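Here is a short briefing on one protein chain.

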Amino acid sequence: MAITHPSLCPMKHTLPHEKPVAVYRTTISIILFEILYLAAAIGCGYIVFQIDVLWAQLLLGFLAVMILWACGHLLKYRNDRIVVTPDHLSIPHVETKTKQGKNISSTQATLPWVKIKDISSNIDIHTTNTIRVEKKISIILHNGTRYTIDSELYDVIFLERKLKSFWFQFTKKH
């Protein structure tokens, strides 16, 4: 039986870099929202069969379908995690802007720390029916690509500060 020195073993060098330093999960309870949406859809479906007015049945049926669509839309965020390792930052659902100026949703972005130029926040003001102020985290790479983390899924107030501290910590090593 051969005994190898720990510094010569390749697993000792690769394992810490692949091991996550921090994992950030979504802040909203996706399962709770799904249960509430399903309960509302079942309630609308029950009322459809209890009333005899056709326009109300159509309206409530349409409402039940829209509620189920919103429930299905939330399913893709159920196991989302932002994973921080010493080598890279892995983000599951992130928006990026194309050269034409359109926003595209990426399903998985793995960003090496050395390629990140800046981590900052944007404050968007939406004025549709009500005024809504939304803070988003932007990660800008050296090639000009901008990735945006959605504020509806994560607590971006604390996440921005933590990602910046990891960025400073892991870029000093390289």
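Four helices and nine strands make up the secondary structure of the chain. The model is predicted. From the N terminus, the order of elements is α-β-α-α-β-β-β-β-β-β-β-β-α.

**The chain as a whole**
- The chain has 174 residues, and 30% of them are buried.
- Its accessible surface is about 12100 Å². Carbon and sulfur atoms account for 62% of that surface.
- Take the contacts between residues at least 6 apart in sequence: 53% of them join residues at least 24 apart.

- Ile123, Ile125, Ile131 and Val133 make a nonpolar surface patch of about 470 Å².
- Two strands, β7 (116-127) and β8 (131-141), each supply at least two residues of this patch.
- Ile123 belongs to strand β7. Ile123 counts as exposed because its relative accessibility is 61%, and the cut-off for exposed is over 50%.

**Aromatic rings**
- The whole structure holds four aromatic pairs.
- One of them joins Trp113 and Phe170. This pair is tilted, with 5.8 Å centre to centre and 45° between the planes.
- Trp113 sits in the loop between β6 (109-112) and β7, while Phe170 is in helix α4 (residues 156-171), so the pair ties together parts 57 residues apart in sequence.
- Are these two residues buried or exposed? Trp113 is buried, at 0% relative accessibility. Phe170 is buried too, at 2%. The cut-off for buried is under 20%.
- Trp113 and Phe170 also form one aromatic cluster with Phe166.

Technical notes. Residues numbered from 1 in each chain as written. Predicted model: local features only at pLDDT ≥ 70, side-chain atom pairs only at ≥ 80, totals over all residues. Heavy atoms only, no water. Patch = residues over 30% accessible without salt bridge, like charges linked within 9 Å, V, L, I, M, F, W, Y side chains within 5 Å. Areas by Shrake-Rupley, 256 points an atom, 1.4 Å probe, with all protein chains shown as cover. Salt bridge = Lys/Arg side-chain N within 4 Å of Asp/Glu carboxyl O. Buried < 20%, exposed > 50% of the residue type's maximum accessible area, 1.4 Å probe, protein only. Contact = heavy atoms within 4.5 Å. Phe/Tyr/Trp six-rings, centres within 6.5 Å; stacked < 30°, edge-to-face > 60°.
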